[in-house]
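Work through the following exercises with the sequence and the three-dimensional structure open beside you. Try each task before you read its solution, and follow the solution one step at a time.

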Amino acid sequence: MKRTEILCKQLIESVEKNDFENVKRLTEELKENVNTVIPYKNKAERDALTQAAHHGNVNIAKHIVNNYGNVNVFYNNEKWNAMTEAISHRNKQMIELFLDHATLTTKQKALDYAREE
């Protein structure tokens, strides 16, 4: 496993544990690579923002979005991302955060996902 993938795994774990200090340290170290999608636990693909949405960690999601995080990163054949995860958990605050940073394409994909669900 490459160093970036190891750091991304540590970041996702830190998000899951709500370890804000470690999230800050890792996002600064990873910079643009904070958006790297990696296999994690039982998920074939996962990134830190999606993990934050899954666990409802709004403060961590805000930090990542404001520090290199990109809400427009999709995975699983361009079907899922952090916003679709927030939609599936009906987390209005998280959805609003992501909408503020999303492109029109991402907003459309998220709307399509919401309609399907």
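## Exercise 1: the surroundings of one residue

Not counting residues up to four places away in sequence, I64 touches V15, V23, T27, V34, A48, L49 and G69, where a contact means heavy atoms within 4.5 Å. The model is a predicted one, in which local features need pLDDT of at least 70 and side-chain atom pairs count only at pLDDT 80 or more, while totals for chains, interfaces and linings use all residues. Residues are numbered from 1 along each chain as its sequence is written, and side-chain values use heavy atoms, with hydrogens and water left out.

Task: find the element that holds I64, and decide whether I64 is buried or exposed.

Solution. Start with the position: I64 is placed in helix α4, where helices (H or I, at least four residues) and strands (E, at least two) are DSSP runs numbered from the N terminus. Next, take the accessibility: I64 has a relative accessible area of 1%, and is therefore buried; the classes are buried under 20% relative accessible area, exposed over 50% and partly exposed in between, with a 1.4 Å probe and protein chains only.

## Exercise 2: α4 and its two helix partners

Task: describe how α2 packs with α4, and then how α3 packs with α4.

Solution. Two packed helices are described by the angle between their axes and the distance between the axes. Axes are lines fitted to C-alpha atoms, for helices over the stretch in contact, and the angles run from 0 to 180 degrees between N-to-C directions.

Step one takes helix α2 (residues 20-30) and helix α4 (residues 58-66), which pack at an angle of about 15° with their axes 10 Å apart. That angle makes α2 roughly parallel to α4, since angles under 35 degrees count as roughly parallel, over 145 as roughly antiparallel, 65 to 115 as roughly perpendicular and the rest as oblique. The crossing of α2 and α4 is right-handed; a crossing is left-handed if the near helix is turned anticlockwise from the far one by less than a right angle, and right-handed if clockwise. On the α2 side, F20, V23, K24 and T27 meet N59, I60, H63 and I64 of α4. The residues of this contact divide into 4 nonpolar, 3 polar and 1 charged, where Ala, Val, Leu, Ile, Met, Phe, Trp, Tyr, Cys and Pro count as nonpolar, Asp, Glu, Lys and Arg as charged, and the others, Gly among them, as polar.

Step two takes α3 and α4, whose axes come within 9 Å and cross at roughly 160°. That makes α3 roughly antiparallel to α4, and the crossing of these two helices is left-handed. Here A48, L49 and A52 in α3 meet I60, A61, I64 and V65 in α4, and the residues of the contact divide into 7 nonpolar, no polar and no charged.

## Exercise 3: what is covered in α3 and α4

Task: say how many of the residues of α3 are buried, and name the buried residues of α4.

Solution. Helix α3 (residues 48-55) is mostly covered, with 6 of its 8 residues buried, and these are A48, L49, T50, Q51, A52 and A53. They pack against α1 (3-16), β1 (38-40), β2 (43-46), α4, α5 (82-88) and α6 (92-101). In α4, the buried residues are V58, I60, A61, H63, I64 and V65, and what covers them includes α1, α2, α3 and α6.

## Exercise 4: positive phi angles

Task: compare the places of Y68 and R90, and state how accessible each one is.

Solution. Y68 lies in the loop between α4 and α5, and has a positive phi of about 80° although it is not a glycine. With a relative accessible area of 32%, Y68 is partly exposed. R90 lies in the loop between α5 and α6, and its phi is near 55°, a positive value in a residue other than glycine. At 71% relative accessibility, R90 counts as exposed.
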